[in-house]
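Here is my note on the model you sent. Please read the points with the structure open.

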Amino acid sequence: MKTKRKVEVVVISDVHLGTYGCHAKQLLTYLSSISPKKLILNGDIIDIWQFKKRYFPKSHLRVIKKIMDMAADGVEIIYITGNHDEMLRKFSDTTIGNITIVDKIVLELDGKKAWFFHGDIFDVSIQNAKWLAKLGGYGYDLLIRLNSFVNWCSDKIGKEKYSLSKKIKNSVKGAIKYINDFEKVASDLAIENGYDYVICGHIHQPKMVKVENKHGKTTYLNSGDWIENFTALEYQFKRWKIYNYNNDKLRAFYADQDIKDMEIKDLIAAITVIDPNIKKSKSSKNSSSKNSDRM
C-alpha cells in the first residue's frame, strides 16, 4: 500500500471540467497522491459556460467522484466559485457534509491571515460584457484543441511540445499588462486589509511572490490551472509551495483503482447519491431555529 503525502492545505483552480483542454487524468493522479486536511477548489472547476457541448468524459466524472470521496473521508472541501461556474453562486454559504460553497474566504494559518478568492472580480470584460468573455472562453478552448493537434504532430516527428496560448500570452503586451495589473491589485488590496497571503486563480499563471509597498507587505500566490500548467498550491510546515505535476510527478501515484474501473453509469450514480441524513440535519436545524424564535 502506497503512502499518501500529508498536506495541511491544497489549492487547485481552473480545472475546467467539461472542456477539451482539461487534463482530468493528471489531476486525478495528483489528488490520489495526497492526504490533505483542507482542499480548496478556487473557482472554474466545472466549466458551466461550455457545458452545452455535452462533452463530459469518464475521466472528468472520476475527478468529481474523487473529490466527493475525499469529503466522505473527512477532508474539508471549500468550493470557491469562479466565473465559469458562477451558477453555483446562488448556493453561496451552503454547507453539505464536509463541502462548503463560498464566493471568498479568509482562513487563519499558523497565526497568519490568508485571503482566498477566484479573481474574476477584477476582470472588467466579465463584469461589463459577459458575452465577450464567453466568446473568449470558446476561442481559448479552440486554441487548446489546435495545440493538442500541433503537439501530436510534433511528437510524431520527434520535436518538443509547446504551448500556443502561453506563446501568445507572453508575446502580447496587453496580456502581460493585464496579468501584472491583476497581481498588483490583488496584492495592494491584501496589504490594505491586513492579509498575510492572497491566493487567487483565474489567470492560469502559477506564481508565488512577496509584495511590499509603503503600507505593508503580503505574499501573492496563484494556483495556476490544469489546462496547461498542471499546478497546485500546497501549505505545510508553515510555508507555501507550488506543486508542478510535470516536475514533481514522481511523487504522485496512479488514480485509485476502484474509480478507474467504474463505468460511466456507476460514476454518475455514485456522485448523485443523496445522503439521507441531509434532510434530517436540515429539518433538525429548522426545528431548532423555530424553537429558538419562540424563546
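1. Terms for burial come before the rest. Buried means under 20% relative accessible area, exposed means over 50%, and partly exposed lies in between (1.4 Å probe, protein chains only). Helices (H or I, at least four residues) and strands (E, at least two) are DSSP runs, numbered from the N terminus.

2. Basis. This is a predicted model: local features need pLDDT of at least 70, side-chain atom pairs count only at pLDDT 80 or more, and totals for chains, interfaces and linings use all residues. Residues are numbered from 1 along each chain as its sequence is written, and side-chain values use heavy atoms, with hydrogens and water left out.

3. Confidence. pLDDT is the predictor's confidence in each residue, from 0 to 100. The protein has a mean of 80, and 69% of its residues reach 70 or more. Over residues 125-137 pLDDT stays under 50, and the model has 14 contacts (heavy atoms within 4.5 Å) beyond four places in sequence for them. Residues 278-285 also stay under 50, with one such contact.

4. Strand β11. How many residues of strand β11 are buried? Five of the six in residues 231-236 are, so the strand is largely enclosed by the rest of the structure. Two strands pair if DSSP finds at least two bridges between them. Strand β1 (residues 5-12) pairs with β11 in the antiparallel sense over three bridges. There, Val10 stands opposite Glu234. Six bridges join β11 to β12 (residues 239-244), also antiparallel. Leu233 has Ile242 as its bridge partner in β12.

5. The hairpin and phi. Two residues separate the strands in the hairpin of β11 and β12. Phe237 lies in that loop. Its phi is near 55°, a positive value in a residue other than glycine. Most residues other than glycine have a negative phi, and most peptide bonds are trans. Phe237 counts as exposed, at 69% relative accessibility. His204, in the loop between β8 and β9, has a positive phi near 60°. His204 is buried, with a relative accessible area of 6%.

6. The open sheet. Five strands form it, in the order β6-β7-β8-β10-β9, with mixed pairing. The edge strands are β6 (104-109) and β9 (207-213), each pairing on one side only. The twist averages 20° from one strand to the next; axes are lines fitted to C-alpha atoms, for helices over the stretch in contact, and angles run from 0 to 180 degrees between N-to-C directions. Strands β7 (residues 112-117) and β8 (residues 197-200) run parallel and share three bridges. Ala114 stands opposite Tyr197 in β8.

7. Aromatic pairs. Rings of Phe, Tyr and Trp (its six-membered ring) pair if their centres lie within 6.5 Å; planes under 30 degrees apart count as stacked, over 60 as edge-to-face and the rest as tilted. A search of the whole structure finds eleven pairs. One of them is Trp115 with Phe117, tilted, at 4.4 Å centre to centre and 40° between the planes. Both residues are buried. Tyr235 and Trp240 form another tilted pair, at 5.1 Å and 55°. Tyr235 and Trp240 are buried too. Tyr30, Trp226, Phe230, Tyr243 and Tyr245 form one aromatic cluster.

8. Ser32. Is Ser32 buried or exposed? Ser32 is buried, with a relative accessible area of 3%. Its place is in the loop between α1 (24-31) and β2 (34-42). The Ser32 side chain reaches the backbone oxygen of Leu28 at 2.9 Å.

Notes: Polar contact = N/O pair within 3.5 Å; in protein donor to acceptor, adjacent residues only side chain to side chain.
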